[in-house]
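Hi everyone, thanks for making time.

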Amino acid sequence: MTDVPDVWSKTALFLTHDENGGFFDHVVPPTVPQSRAQGLSMIDTTNEIFPGSSKYAAGPYGLGVRVPMIVASPWSKGGWVNSEVFDHTSVIRFIERRFGSQYPGLQESNITKWRRAVAGDLTSAFNFAEPNTAKVPLPSTIAFMPPDHTRHPSFVPVPPVNQALPAQEPGVRPARPVPYELHVRAHADLADGEVKIYFGNTGKTAAVYQVYSGDGQTGPWTYTVGPNAEIFDTWSITAGGQNGYDLSVFGPNGFLRVFKGSDQANLESIAIYDVHKYGVVLEIQNRGGTLSRVRVSDYYTGRATEHELRPDETIREFRSLEKSHGWYDFTIETESDSGFRRRLAGHLETGYDSMSDPAIGSSKDPEEAESGQTRTYGSTK
């Protein structure tokens, strides 16, 4: 195909894989809440919940296990990655988008409203405006060229004697912009014994948040938030712990928020995006009644800062993300509560091209150095 320029100049090849049981992935795919007890969705979830049968239990269908996908075309060359959420229906929607103006009414009626809202149509994987701006020189593929184009049914591949699981390739890759701008904050009301988490979205597409409890007994919960909207939910102060709370919020493209603590400290923190300065403003407020000594650790720079916050005092720090390609990961702790932790991690989206997370495949998270586990919030590729 590529040796016929006239054909290749108007061709996009999508190489997809079927599910492989999830053995090579660690990210739970987005789903809808089966009931109010399992979360909320601002998007219609009709036909996204299996009603159950005599053989299988009821439950959400979800997007399925993540699998690799390769897009080959004159408009996607350069070794790019794209971390927008897609699924198998995205290929159908790409066809709708490409040929819909030529063939009015070309639309697959079996794709649900929820799935159309949270999964992209694959157009963000292409650069139709400047297709020749490849940033990374790709290795030569001459060695993979077959000696001829004749089928050889007698050839039987020989598996390697010493087999091993594949490893994450080191280094970073150029990355396409994704349509997410995510905001999650928590408010702990110690008097009422509850934690309220607000799920915000100022991006261009719907986003799915998943909440997990540290107790391993309750949850998980899932929240679908439409563009330019916010919803919230409430947990008991004992969620995830006998005397406190331990809740982690995961979103697309490496977004993570961790809210952990008790009634001993009450610090609220948010990351305010500053696209023009290419950084974030980290804001921390002491809502407790006593002085709080706070330590802020920056994973990407390896540096930590310490502060003393009086009751109702707020500090704001600008953190440049130039060297980390827009990726951030801050951990906030305090001496007044050894179990207290806030963690804010993700990527600053500017609407322009970026790079993949430099922490993936190159170094470990400080917590993982103790546990031996790999990062659990890598980019969705």
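So, the second largest pocket holds about 300 Å³ of space. By pocket I mean, on a 1 Å grid over the protein atoms alone, an open set of points where a 1.4 Å probe fits, with protein on both sides within 12 Å along at least five of seven lines. The volume is the space filled by probe spheres set on those points, with grid points joined across faces, edges and corners.

Before I go on: this is a predicted model, where local features need pLDDT of at least 70 and side-chain atom pairs count only at pLDDT 80 or more, while totals for chains, interfaces and linings use all residues. Residues are numbered from 1 along each chain as its sequence is written, and side-chain values use heavy atoms, leaving out hydrogens and water.

Who lines that pocket? There are 15 lining residues, and D298, T301, R303, S320 and K323 lie nearest the centre; lining means having an atom within 4 Å of a point. Strands β17, β18 and β19 each supply at least two of the lining residues, and β19 gives the most, with 3. Strands here are DSSP runs of E, at least two residues, numbered from the N terminus.

Now, where do those strands sit? β17 (304–309) is an edge strand of an open, mixed sheet of 9 strands, ordered β2-β10-β9-β12-β13-β20-β19-β16-β17. Two strands count as paired if DSSP finds at least two bridges between them. In that sheet, β19 (residues 327–334) pairs antiparallel with β20 (residues 337–347) over 7 bridges, and one example is T331 bridging to R343.

β18 (314–320) is an edge strand too, but in an open antiparallel sheet of 3 strands, β14-β15-β18. There, 8 bridges join β14 to β15 (residues 279–286), with D274 partnered by G279.

Last stop: H307, which is in β17. Is H307 buried or exposed? It's buried, because its relative accessible area is 18% and the cut-off for buried is under 20%, with exposed over 50% and partly exposed in between (1.4 Å probe, protein chains only). Its side chain makes a polar contact of 3.2 Å with that of T305; that's a pair of N or O atoms within 3.5 Å, one able to donate a hydrogen and the other to accept it, and residues adjacent in sequence count only if both atoms are side-chain atoms. Beyond four places in sequence, H307 touches S292, R293, V294, V296, I315 and E317, with contact meaning heavy atoms within 4.5 Å.

Key. Helices (H or I, at least four residues) and strands (E, at least two) are DSSP runs, numbered from the N terminus.
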